[in-house]
Amino acid sequence: MYPVSPQAYDRAITVFSPDGRLFQVEYAKEAVKMGATAFGMVCKEGVILVSFKNIQSTLLVPESMKKIFSIDDHIAATASGIVGDSRRLIDYARVEAQKHRVSYNEPSKVETVAREIGDVMQLYTQYGGGRPFGVSLLIGGVDDEPYLFETEPSGSVIGLNAGVIGRSKKEGEEFLEKNYKKGISIEEGIKLCIRALKKTGESPITKETVEIAVCTTKEGKFKELTQKEVASYL
Amino acid sequence: MYPVSPQAYDRAITVFSPDGRLFQVEYAKEAVKMGATAFGMVCKEGVILVSFKNIQSTLLVPESMKKIFSIDDHIAATASGIVGDSRRLIDYARVEAQKHRVSYNEPSKVETVAREIGDVMQLYTQYGGGRPFGVSLLIGGVDDEPYLFETEPSGSVIGLNAGVIGRSKKEGEEFLEKNYKKGISIEEGIKLCIRALKKTGESPITKETVEIAVCTTKEGKFKELTQKEVASYL
Amino acid sequence: MYPVSPQAYDRAITVFSPDGRLFQVEYAKEAVKMGATAFGMVCKEGVILVSFKNIQSTLLVPESMKKIFSIDDHIAATASGIVGDSRRLIDYARVEAQKHRVSYNEPSKVETVAREIGDVMQLYTQYGGGRPFGVSLLIGGVDDEPYLFETEPSGSVIGLNAGVIGRSKKEGEEFLEKNYKKGISIEEGIKLCIRALKKTGESPITKETVEIAVCTTKEGKFKELTQKEVASYL
Amino acid sequence: MYPVSPQAYDRAITVFSPDGRLFQVEYAKEAVKMGATAFGMVCKEGVILVSFKNIQSTLLVPESMKKIFSIDDHIAATASGIVGDSRRLIDYARVEAQKHRVSYNEPSKVETVAREIGDVMQLYTQYGGGRPFGVSLLIGGVDDEPYLFETEPSGSVIGLNAGVIGRSKKEGEEFLEKNYKKGISIEEGIKLCIRALKKTGESPITKETVEIAVCTTKEGKFKELTQKEVASYL
Amino acid sequence: MYPVSPQAYDRAITVFSPDGRLFQVEYAKEAVKMGATAFGMVCKEGVILVSFKNIQSTLLVPESMKKIFSIDDHIAATASGIVGDSRRLIDYARVEAQKHRVSYNEPSKVETVAREIGDVMQLYTQYGGGRPFGVSLLIGGVDDEPYLFETEPSGSVIGLNAGVIGRSKKEGEEFLEKNYKKGISIEEGIKLCIRALKKTGESPITKETVEIAVCTTKEGKFKELTQKEVASYL
Amino acid sequence: MYPVSPQAYDRAITVFSPDGRLFQVEYAKEAVKMGATAFGMVCKEGVILVSFKNIQSTLLVPESMKKIFSIDDHIAATASGIVGDSRRLIDYARVEAQKHRVSYNEPSKVETVAREIGDVMQLYTQYGGGRPFGVSLLIGGVDDEPYLFETEPSGSVIGLNAGVIGRSKKEGEEFLEKNYKKGISIEEGIKLCIRALKKTGESPITKETVEIAVCTTKEGKFKELTQKEVASYL
Amino acid sequence: MYPVSPQAYDRAITVFSPDGRLFQVEYAKEAVKMGATAFGMVCKEGVILVSFKNIQSTLLVPESMKKIFSIDDHIAATASGIVGDSRRLIDYARVEAQKHRVSYNEPSKVETVAREIGDVMQLYTQYGGGRPFGVSLLIGGVDDEPYLFETEPSGSVIGLNAGVIGRSKKEGEEFLEKNYKKGISIEEGIKLCIRALKKTGESPITKETVEIAVCTTKEGKFKELTQKEVASYL
């Protein structure tokens, strides 16, 4: 169309570039790429989330640096990108999930929660006065069966069999595309995620820096693995 | 009039260019052209929607990537452009359709729903502080007879016998102009859309990447074809 | 006064140029000039509206592309310019006309409706945060006698014996100034408009692309001519 | 003070220039100078308004192009500048005049009405987000005696024996300063205004393009002269 | 500090310059300097206000060009600068004075009124979206004894024995500093103001262009001098 | 970090510079430096405030140019910088102090009042649309013992034994650091402040230009010294 | 991606840079680095906070320059950066803590308070019209066991065994990483912090410039050490 310099269109979320792009949304995705890598996977018996956390100092309390957040008993999420942004989205989803329980006397569907988060994220791409969320989420859970969704700064929501967000999204996805098989067991799924995580170069991979949560179809509740259990997979 | 550089007038939706154009609306239409191609068609016995979905990874769950959205029993829509934007419009239309049922004790007309969507889209072309919707919709349905409407970022609403949105709108329309005949049967209509879709170069065309929904005048309800049924047309 | 470059004053509706012009209003008038041509005429027995519609594809449903809009039984309007903008103004006028009926138990005067539309259009030329309406309207109707008004982006409202808006406003007006006579019959008036329309170069002139509506003083209700009736004038 | 380029201070109504000028108000006065010329005069037996209207096409209905507007029985105004802007001010003044009648059970004073209009105009010179009114008004009327006031874009309100607004304000005022005498009769006053109007070069001066209204102290009501009466003065 | 160009800091009221100045307030003071000169003086028996009015045309009605405004029986003000701005401040002060009478069943103090005006003026120097008032006021009155205050665009309020505002503030103040003595009689005070006015070069000094108002401690009410009385001082 | 030009970050209060500075707050402090010098001191028997006022014209009424403001019986403040700004803060503090008395049936603590003023000042450093207060205050008072606080444009609040604000803050502080001793008597304290004031070069130092207020622990009420008492210290 | 100059993206908090950074948040962290150094530490018997205060003048009242703020009986915080900003956050946390006590009849958890502060800080990084808080906080307290959290301008909240904020954060953390051991006694912890503080170069280290507060698990209440107690550690 016209010779386009991104600089001319990338200062405000409310401005399309001549080729129809929203640069501020694209830049927000770059913020996601600065976050630690996290994995999600639908397995035969449930869904798993596996997150790396960046603990660079012995002064930090690893337990306080949660990377996997419970939204409701049967739904959890892991995030990559700006930490404060993800906390806001998780808090929002928790409230919505509780309101759903109160209003309809039943737990939310995983997809409903994922879409509610995506809707909020979309709003911040269409109005001036704010900025898009600089964060992607993997939202896993079990209602009639195990589900996994990814939301990202544009507000799009995608259903996944297995997914990766953060610094090593691309390498992680390539690895999973080659190695993931539908119907994989939770046991094998966790091992696969750990293998993928090791390939991404995140380090050190220790029982303190890896967080794993599992929700089986049978129990319908997320459980975080203990450090000892995590260690058994490394 | 004056020598005009688009750059001077294309940063804000509230500014006309000297020749009376709204560049931000035109740029939003470019965002639509980045979306996957979708078709709609009025046939003898009803109306059909045929959408392609871009599934580039085996990690994706095709079923979760809906391209055809039910608005009411007898009205559905397919969208091309920014995914999050279309979700907002569809949600809005669903609520309006339900309010109409409650207020008037009768289903909405297809045209009414299309105009309500178009009205919202127009608002975002006239006020600052936001941006136009980066999405076009084909809205199909049956009330007294089958109807198809297209809405686009400017908020214009057009009645169609057959229509195309997305990446291959131009090629698709040229194909349909040559091959579509009024009174075509649903059976033939679906085949024609598939032929058109194949011509656009979208690929791969498989039972997972093509979504088809049909609403017959007789039944007055949209039904999505099963993957098996879709396969039978490919 | 000072050497003036329009660029310096044409980005915001709230800014006068040093010579007292509002460039954004002038640019909005350019948007009107991109619309299809429409005619209105006061005749001996009533008022007529004759509009051309641009149907460039066989996929379009001509009936859905209304160019003449009923505002109340006895008042109708035709518009040139941005389609979505005119829909908003017409919707506004319809509501006002109904409120008038409810409040005063009598139909609105044609001039009242025209001024209400003009008032809304004026507002959008004085406040920031929005843009002027990119549309002109011919508003015809009968109360004590037949009336025709034109409103345009600046919000001005003019009473006319005969008027033209859209792409060929200038040529159309020159033609009518030469050929229109007060007291012309509806029959002759329609013929004169068709002749004018043919002169403007709009094409093709067919029973599908020309829309005609008539309101006689006697009946006091607008009636749209059937395609067959239209054809009889071509 | 500093070398000043007007361009640096003339984009916003909320910005003073280094020498204390408000350029946007000055530019709005330029818009007034593009309007047709109008006269007002205090005479022995009452007050008169004489306005020229620019009727360049035989398609126009001269009666619809009112240049003198009744505000209340005993108060009328004529305006030069942006037509839509003057309509808003007149509408505002009418409502205020009616509210005054209802609240105090007596008609408004001419000066009160003029100041109310000036107050609104001043507001638009002090706040951002809008623009000044591009219009001047001559407001005439009779309460205890005949009065004439002029309001202009800055919101100033001036009492006058005789006044001129619009394109030929300067020439008109020079003519009246030479020829107007206090205690002039209405008959002579109208003649004087017509002579002044002819001197300004506005043309054609005909019974259709000149509008005259008179309010005598005796009757206390404005009456518009018929075209025949107007013709008798030309 | 840094090499400072005023241009960099003088477009918005909300921006300090590096040396702590508010340029927009300083520019507003320039607007005051364009206004006609006015004097105020505390005398032995009361307080006086003497204002010049610029009557350049015989078409003007001098009585309508009030330069001294009553705020309450015992308080009056005269203003220099933008006429519409001063009207707003006077109207505000009148309402506040009346509210004070109603709330406390006693007249306002002169100082209270002056501070209320100054408070409003200060607000317009601290918030964006508006501009400072381009006007200074001399507010005179009598409560327990005669008082005179000056307010200016920054919102500062100063108590004065004698003061000057407008075009010739500087010359006027120099003259008064040399010639004013505390305890001067009203008679002598008026004469002194007239002498000062003549020195400033304002012309013509006539009974029509000079407005004088006096409030004696004894009567506690402002009275405007008749033109005849004014003439006796010239 | 980067080569930084202050100009790039000093136009808005809501923008940090790359080295973490808020230039608009720093510029507001420059406005304070243009104000007259004022002193505050905690003494053995109470707290004192000593302010210089700039009286450059015999036309001014020194008594009206208050530099020390009572906030409550036992709390007073003196200000340097923009006069109108300080009046707003003092008014705010007075209202808060009265509300405290009504709510808790006891007088405010000096520190509470100082912090309330500082909180308001901080707000204007964090939000756009306004500007910081261009003023510093010394707030003195007695509750359980004598206190003195300084607030400045950033909103910081500091407890002091002795303090200086305004034009000669730096010289004044250096003088006091050398000469102030804790437990100084009020008598000696006032003398010390006068000595400091004389050193700063403010002139003329007379009983009219120096304002002194004292609040003893015993009486718990601020009293302003008469001109005669002031003179005894000069 | 593109050659990026930070200047292009660092003026507004609502704008991402092309590589996904929020420059205004990074600049706010620079403001924190200008603040005095403070330490926090989890010890065997409780949690401690040790803060340095910059007392450069004998005129200051050290006791008034609080660096450790009580939020509730069992929670306290110390801050580095803009003083007024920290006061706002502390005030907010105090109110939230009291509301928690009233609503749930139990004290807040330390983590809850830290997250509430972080949530407010995050908000100011996502909306225009304000600026991020230029402050970091160390929040210590005891509920079931001793906790320490750090919040910073981005709104992130980190759990720590020991932490440092302010001018010497980096050196302080390096020192603590080498010397801190989990299970350290309060006695040793305070000594370690003092050693660290001495290493940072802050001076003078005296009983007036060092503030220490301790909360033991046993008592569950914060106590500030007296100057004498502080002196015993120096």
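Me: In this predicted model, what is the order of the 5 strands in the open sheet of chain G?
Reply: The pairing in this open sheet of chain G is antiparallel, and the twist averages 15° from one strand to the next. Read across the sheet, the order of the strands is β8-β1-β2-β9-β10.

Me: Which strands of chain G stand at the edges of the sheet?
Reply: An edge strand has a single partner strand, so one side of it is left without a neighbour in the sheet. In chain G this applies to residues 162-165 and to residues 222-224, which are β8 and β10.

Me: Which residue of β10(G) is the bridge partner of G:Val214?
Reply: Strand β9 of chain G, covering residues 210-216, pairs with β10(G) in the antiparallel sense over 3 bridges. For G:Val214, the bridge partner in β10(G) is G:Lys223.

Me: At about what angle does helix α5 of chain G run to β1(G)?
Reply: Helix α4 of chain G, residues 169-179, lies across β1 and β8 and runs at about 165° to β8(G). Helix α5 of chain G, residues 186-200, lies across β1, β2 and β9. Its angle to β1(G) is about 155°.

Me: What do the buried residues of α5 in chain C pack against?
Reply: Helix α5 of chain C has 15 residues and reaches 21 Å from its first C-alpha to its last, close to the 21 Å expected. Its buried residues include C:Ile190, C:Leu192, C:Ile194 and C:Leu197. The buried residues of α5(C) pack against four elements of chain C, namely β1, β2, α4 and β9.

Notes:
Residues are numbered from 1 along each chain as its sequence is written. Chains are lettered from A and ligands numbered from 1 in the order in which they are written. This is a predicted model: local features need pLDDT of at least 70, side-chain atom pairs count only at pLDDT 80 or more; totals for chains, interfaces and linings use all residues. Side-chain values use heavy atoms; hydrogens and water are left out. Helices (H or I, at least four residues) and strands (E, at least two) are DSSP runs, numbered from the N terminus. The expected span of a helix is 1.5 Å times one less than its number of residues. Buried means under 20% relative accessible area, exposed over 50%, partly exposed in between (1.4 Å probe, protein chains only). Contact means heavy atoms within 4.5 Å. Two strands pair if DSSP finds at least two bridges between them. Axes are lines fitted to C-alpha atoms, for helices over the stretch in contact, and angles run from 0 to 180 degrees between N-to-C directions.
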